[in-house]
Amino acid sequence: MQEKYIDETKQGEAFAIAEKAGNSKKLFLESYGCQMNFSDSEIVASILNEQGYNTTLKAEEADLILLNTCSIREKAEQTVRMRLSQFKNLKKEKPNMTVGVLGCMAERLKTKFLEEEQLVDLVVGPDAYRDLPNLLKETEDGRDAINVILSKEETYADINPVRLGGNGVTAFVTITRGCDNMCTFCVVPFTRGRERSRDPHSIIEECKDLWNNGYKEITLLGQNVDSYLWYGGGPKKDFVKASEMQKATAVNFAQLLDQVAKAVPEMRIRFSTSNPQDMSLDVFRMIARHENICKYVHLPVQSGSNNMLEAMNRQHTREEYLDLIEKAKEIVPDIAFSQDMIIGFCNETEEDHRDTLSLMREVEYDYGYMFAYSERPGTPAHKKMEDNVPADIKQRRLAEVIALQGELSRKRMKSYVGRVHQILIEGTSKKNENQWKGRNSQNAVCVFDKLDHQKIGDIVDVFVFDNTQGTLLGETVEK
């Protein structure tokens with residue numbers, strides 16, 4: 001498996017950055033969930049850095065503990081609850097310490113956390129991070145503080161995020177917030193609000209700033225990047241009310257990709273996450289046009305069955321999805337795709353399951369993120385549908401999907417063998433400190449022996465001579 005949209009290795013990761021002189025207070029900030037949350041944590045650290053807080057990796061020395069949370073899967077919620085009860089004990093020793101919950105769980109569980117379980121002093125939703133200084137003043141006066149109001153405007157466009165952790169080579173740049181899609185299994189529209197796009201000028205400036213600071217690859221980030229639409233600000237749903245001038249000068253995702261690729265011509269560009277019904281062929285044309293846009297798209301489908309797609313309110317059919325994939329491969333012949341798949345959704349039959357397996361074979365995904373369905377409170381599916389596929393059947397179907405993806409991954413990795421790839425060195429291999437690891441344009445991880453003159457951030461020509469299920473094995477091609 002490669003780097004996930006929800007990366008299990010990073011769950012609960014705490015970050016620290018260089019201390020700002022004169023700051024006297026300590027912030028312990030832990031992040032859970034998707035890349036969007038990790039990106040949001042950088043915005044939070046930036047805001048609090050200006051309020052006298054330096055980050056720390058030790059919770060026990062913090063004045064302020066913040067958990068940036070996720071509501072997508074039950075496991076993340078259980079982990080956060082466990083962490084909060086640990087911090088509650090810590091607070092007995094340090095009564096002046098403030099503990100807060102940020103992000104998606106904040107909106108959903110605000111009264112439980114604050115009033116019933118009394119685990120936290122502070123609850124802040126994803127659109128209210130600017131309000132943190134005011135909310136912290138409330139807690140200093142002994143009051144619980146809460147702001148989970150979802151905004152139609154907030155994009156944090158003017159805040160230059162502090163880069164937390166990371167390798168100094170790759171960075172996320174948020175371009176949209178919220179989601180309008182209302183998939184029946186998903187809680188995001190209720191925890192992150194309606195979709196709005198960020199000013200393209202501020203995106204380009206952030207990308208240039210990252211290049212000037214030594215970064216070599218950016219991922220344009222959003223719950224649904226393909227529906228990016230800038231027409232002067234405001235929610236995407238209000239575009240119909242825009243003036244003729246606003247409509248004529250609006251910037252869509254393909255145009256934004258074009259602008260970013262030209263603004264930082266040597267920067268590698270990726271994007272995530274895409275949605276099939278919003279993806280236009282113009283995006284693939286941009287990938288074909290610009291050498292620096294990576295030939296890889298994460299294109300979640302969730303199921304290969306039209307019955308399931310309809311029940312999930314996915315707004316596309318199996319046939320439309322496969323047609324999009326086919327046309328994309330014509331425009332960008334060496335493109336790679338990865339998937340998200342939900343197994344055992346409400347009323348899923350064996351035939352629906354077989355449809356998923358056959359779609360996977362047709363697309364030939366490089367890799368995927370596959371989960372058994374677990375209902376999330378507050379979603380349309382939770383309110384109106386019965387989670388009626390027995391657990392043992394879900395697990396058997398999931399095992400079959402994972403096994404098939406393993407076959408497809410090995411086949412796709414093998415297709416890269418015998419060729420030279422441009423690999424961006426991201427760091428040292430976890431298994432061998434004498435080897436580098438990096439990724440090619442198609443997002444496949446490659447490991448190869450280190451040479452003295454090479455360093456993190458270099459883009460190296462590597463001949464791939466073998467592969468495992470998820471990794472390419474290569475050697476540097478000396479110029």
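Colleague: Why is Tyr 231 called buried?

Modeller: Its relative accessible area is 8%. Buried means under 20%, exposed over 50%, partly exposed in between (1.4 Å probe, protein chains only). The value falls under the buried cut-off, so Tyr 231 is buried. This is a predicted model: local features need pLDDT of at least 70, side-chain atom pairs count only at pLDDT 80 or more, and totals for chains, interfaces and linings use all residues. Residues are numbered from 1 along each chain as its sequence is written, and side-chain values use heavy atoms, without hydrogens or water.

Colleague: What makes Phe 239 partly exposed?

Modeller: Phe 239 has a relative accessible area of 22%.

Colleague: How many aromatic pairs does the structure hold, and why is Tyr 231 with Phe 239 called edge-to-face?

Modeller: There are 8 aromatic pairs. For Tyr 231 and Phe 239, the ring centres are 5.2 Å apart and the planes stand at 65°. Rings of Phe, Tyr and Trp (its six-membered ring) pair if their centres lie within 6.5 Å; planes under 30 degrees apart are stacked, over 60 edge-to-face, the rest tilted. Hence the pair is edge-to-face.

Colleague: Are Tyr 296 and Tyr 367 buried or exposed?

Modeller: Tyr 296 is buried at 8% relative accessibility. Tyr 367 is buried at 2%.
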